Amino acid sequence: MKPLIERPRISTRLSSLSADECLHRLAMEEIGHLAVVVDHYPQVFCVNYRLDDFVVVFRTRIGGRLLAANHHNVGFQVDHLDPVRRCGWSVLVRGMAEDVTDRDGDLTAERGRQLEIDPWVPGEYPRIMRIIPAKITGRELTTGDPDSLTDFPGYL
């Protein structure tokens with residue numbers, strides 16, 4: 001089936017992001033996707049988070065499915081996409097998740113409590129989870145000529 005609007009071919013380039021670029025982009029955003037195995041099946045959850053140095057921190061409910069991540073390997077992905085320009089970036093954090101809520105006097109837990117993580121879904125989220133990265137990778141898709149982005153036939 002032919003698309004309704006023919007899009008002109010835009011030259012794009014896919015490149016890898018450095019570790020510093022990945023951390024910078026993680027720090028810019030506040031919503032990511034946590035991949036964890038629950039009941040033997042992978043599940044993906046959208047979570048609000050903050051970056052604390054190079055560690056991803058988020059909050060969850062008591063007894064929530066996200067606690068299944070505690071002391072397990074997880075994936076955490078953050079994307080920023082521009083569908084009009086057909087470009088964007090993606091950062092993937094692979095590491096171990098841990099619940100640090102009950103660590104009294106622990107600097108890591110205290111720092112997690114100080115972060116302003118405001119979940120969008122109403123309710124109590126008293127558990128503080130963090131992801132200790134084993135590996136952080138990222139890719140960026142960029143466009144070539146920015147003038148070609150508005151050169152659609154019939155574009156006003």
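Q: Buried means under 20% relative accessible area, exposed over 50%, and partly exposed in between (1.4 Å probe, protein chains only). Is cysteine 46 buried or exposed?
A: Cysteine 46 has a relative accessible area of 54%, so it is exposed. Cysteine 22, at 0% relative accessibility, counts as buried. This is a predicted model, in which local features need pLDDT of at least 70, side-chain atom pairs count only at pLDDT 80 or more, and totals for chains, interfaces and linings use all residues. Residues are numbered from 1 along each chain as its sequence is written, and side-chain values use heavy atoms, leaving out hydrogens and water.

Q: How many disulfides does a search of the whole structure find?
A: A disulfide is a pair of cysteine sulfur atoms within 2.5 Å. The search finds 0.

Q: What is the mean pLDDT of the chain?
A: pLDDT is the predictor's confidence in each residue, from 0 to 100. Its mean over the chain is 85, and 86% of the residues reach 70 or more. In residues 148-156 the pLDDT is below 50, and this stretch has 8 contacts (heavy atoms within 4.5 Å) beyond near neighbours in sequence.

Q: Which residues have the most contacts inside the largest nonpolar core?
A: A nonpolar core is a set of buried Ala, Val, Leu, Ile, Met, Phe, Trp, Tyr and Cys residues joined through side-chain atoms within 4.5 Å. The largest has 23 residues, and Leu26, Phe58, Phe76 and Ile131 have the most contacts inside it. Among the elements giving two or more residues to this core are helix H1 (19-28), strand E3 (41-52) and strand E5 (73-82); helices (H or I, at least four residues) and strands (E, at least two) are DSSP runs, numbered from the N terminus. Not counting residues up to four places away in sequence, isoleucine 131 touches Phe58 and Phe76, among others.

Q: What is the geometry of an aromatic pair, and how many does the search find?
A: Rings of Phe, Tyr and Trp (its six-membered ring) pair if their centres lie within 6.5 Å; planes under 30 degrees apart count as stacked, over 60 as edge-to-face and the rest as tilted. The whole structure holds 1 such pair. The ring centres of tyrosine 49 and phenylalanine 76 are 5.0 Å apart and the planes stand at 80 degrees, so the pair is edge-to-face. Tyrosine 49 lies in strand E3 and phenylalanine 76 in strand E5, 27 residues apart. Both residues are buried.

Q: In what sense do E6 and E7 run, and how many bridges join them?
A: Two strands pair if DSSP finds at least two bridges between them. E6 and E7 run antiparallel, joined by 12 bridges, with serine 90 opposite arginine 139 in E7. E4 and E7 also pair in the antiparallel sense, over 5 bridges.
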